[in-house]
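Visitor: I should like to examine a structure through a series of questions. Please show it, and let us then proceed from one packing arrangement to the next.

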Amino acid sequence: MKKIKLLLVDDEENFVRTLAERLQIRELGSQVALSGEEALDFLAKDTPDVIVLDLRMPGIDGMEVLRRVKRSKKPIQVIILTGHGTDKDKEEAMRIGAFEYHKKPVDIDSLVFSIKNAYRKKMEDMMVAATFAQAGDFESAEQILIDDGMKDKAGE
Amino acid sequence: MGGETVTGRLTAMAMHDMLNVLAVLKENAGLLEDLIGLEPAIPAAQKARFGGLFRIMQEQFGVGSDLAEALKRFGSEAAQPHADVAPLLRTLLAVLRRKARGRKVSFVVDEGGGRGLRAALPPAPLAAALFAALERAVDGLAAGSVVRLLLAARDGRGMVRFIAEPGGASGWTDGLQTGPAEDIACEIKDGGAECRVCFPCL
């Protein structure tokens with residue numbers, strides 16, 4: 001499997017740095033952003049395959065980052081990892097297009113499994129999109145890449 | 001802001017931070033386990049011993065997180081005008097878990113006909129009535145007893161039935177108040193073998 005480009009976004013530095021190290025031991029290298037703003041700066045310069053995103057952060061929160069990722073139409077899968085989410089948050093995140101929703105503390109192997117699944121989903125979507133694009137159907141190709149639940153409502 | 005609202009909010013905020021603390025501890029314990037696992041100089045028997053310790057730590061982080069999550073939910077919903085009965089019951093069971101385990105009394109929640117049941121009153125008074133009955137069950141029933149908690153609703157009244165098994169386990173309901181709060185009734189049935197906490201529902 002190609003190296004997965006992974007971004008971890010969480011304002012709890014002690015948590016996210018340790019998580020990054022544990023993922024590295026499992027051969028998943030990652031970049032870390034400590035706020036929603038840092039995550040958006042990163043996204044302006046680079047495109048990760050998968051983002052593991054906390055929801056409650058001061059400033060731009062995780063839900064807003066998720067919205068902007070989906071609005072950007074970049075093929076990025078987002079996994080929510082939060083200690084503070086409510087059922088309503090989960091519903092909202094999945095509606096916007098999160099790939100999966102986990103509550104902290106999470107079992108590391110479950111998280112690794114989710115990250116690999118999210119990456120697989122991204123690759124499958126890109127292959128299907130490429131098939132449409134080859135047939136000249138660019139609209140369907142684009143729709144597949146952004147279609148993770150919210151579809152036409154992304155960014156509204 | 002009323003007293004209950006403030007208390008609820010403070011509880012929710014504290015539990016919110018507690019979940020973060022537990023997550024940091026869990027990840028660091030996990031990292032330590034990973035690093036020990038990778039260290040060739042540590043003998044296999046010692047690694048196995050460490051493994052056992054880490055499993056206990058992870059289990060306890062899980063228990064702490066469940067409790068913090070339950071209290072966070074209870075605190076954040078304290079100011080709501082209506083109570084979701086099944087989640088409220090699960091919160092109370094999480095708080096009572098340790099004591100119940102010590103007394104070897106277990107509870108099984110059966111939402112059955114009361115799925116999605118909402119009480120037409122705030123969580124606090126209902127929690128008080130349910131908790132009194134739960135605590136009485138833990139204190140009054142013999143070790144090995146199982147209490148089925150059946151949720152039901154009929155004609156605008158909701159209820160939680162406390163049915164102790166083995167059957168005929170009477171006496172544990174002694175001392176429960178029949179009318180613990182306005183709108184809430186505690187009915188004792190079958191000569192004290194069953195208790196029903198009744199309340200108005202939506």
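Visitor: What is the handedness of the crossing in which H2(B) passes H3(B)?

Guide: This is a predicted model, in which local features need pLDDT of at least 70, side-chain atom pairs count only at pLDDT 80 or more, and totals for chains, interfaces and linings use all residues. Residues are numbered from 1 along each chain as its sequence is written, while chains are lettered from A and ligands numbered from 1 in the order in which they are written. Helices (DSSP runs of H or I, at least four residues) and strands (E, at least two) are numbered from the N terminus; a crossing is left-handed if the near helix is turned anticlockwise from the far one by less than a right angle, and right-handed if clockwise. The crossing of H2(B) and H3(B) is left-handed.

Visitor: Which orientation class describes H2(B) and H3(B)?

Guide: Axes are lines fitted to C-alpha atoms, for helices over the stretch in contact, and angles run from 0 to 180 degrees between N-to-C directions. H2(B) and H3(B), the latter covering residues 85-103, pack at about 135° with their axes 9 Å apart. Angles under 35 degrees count as roughly parallel, over 145 as roughly antiparallel, 65 to 115 as roughly perpendicular and the rest as oblique. H2(B) and H3(B) are therefore oblique.

Visitor: How many nonpolar residues has the contact of H2(B) with H3(B)?

Guide: Contact requires C-beta atoms, placed from the backbone, within 7 Å. Asp66(B), Leu67(B), Ala70(B), Arg73(B) and Phe74(B) of H2(B) meet Pro87(B), Arg90(B), Thr91(B), Ala94(B) and Val95(B) of H3(B). Ala, Val, Leu, Ile, Met, Phe, Trp, Tyr, Cys and Pro count as nonpolar, Asp, Glu, Lys and Arg as charged, and the others, Gly among them, as polar. The contact has 3 charged residues, 1 polar residue and, as to nonpolar residues, 6.

Visitor: Are H3(A) and H4(A) roughly parallel or oblique to each other?

Guide: Helix H3 (residues 62-72) and helix H4 (residues 87-96) of chain A pack at about 15°, with their axes 10 Å apart. Their crossing is left-handed. H3(A) and H4(A) are therefore roughly parallel.

Visitor: What distance separates the end C-alpha atoms of helix H1 of chain B?

Guide: The expected span is 1.5 Å times one less than the number of residues. Helix H1 of chain B has 36 residues (3-38), so it should span 52 Å, and the model agrees: its end C-alpha atoms are apart by 52 Å.

Visitor: Which helices do the buried residues of H1(B) pack against?

Guide: A residue is buried if 20 or more other C-beta atoms lie within 10 Å of its own, exposed if 12 or fewer, and partly exposed in between. The buried residues of H1(B) include Gly8(B), Met15(B), Leu19(B) and Glu33(B). Their packing partners are H2 (44-76) of chain B together with, in chain A, H1 (13-25) and H5 (108-134).

Visitor: Is Leu10(B) buried or exposed?

Guide: Leu10(B) lies in helix H1 of chain B. Its C-alpha atom is 9.2 Å from that of Lys72(B), 62 residues apart in sequence. Because 12 other C-beta atoms lie within 10 Å, Leu10(B) is exposed.

Visitor: Which element gives the largest share of the side of chain A that touches chain B?

Guide: In all, 13 residues of chain A are in contact with 15 residues of chain B. The largest share of the chain A side, 7 residues, comes from H1(A).

Key
Contact = placed C-beta atoms within 7 Å.
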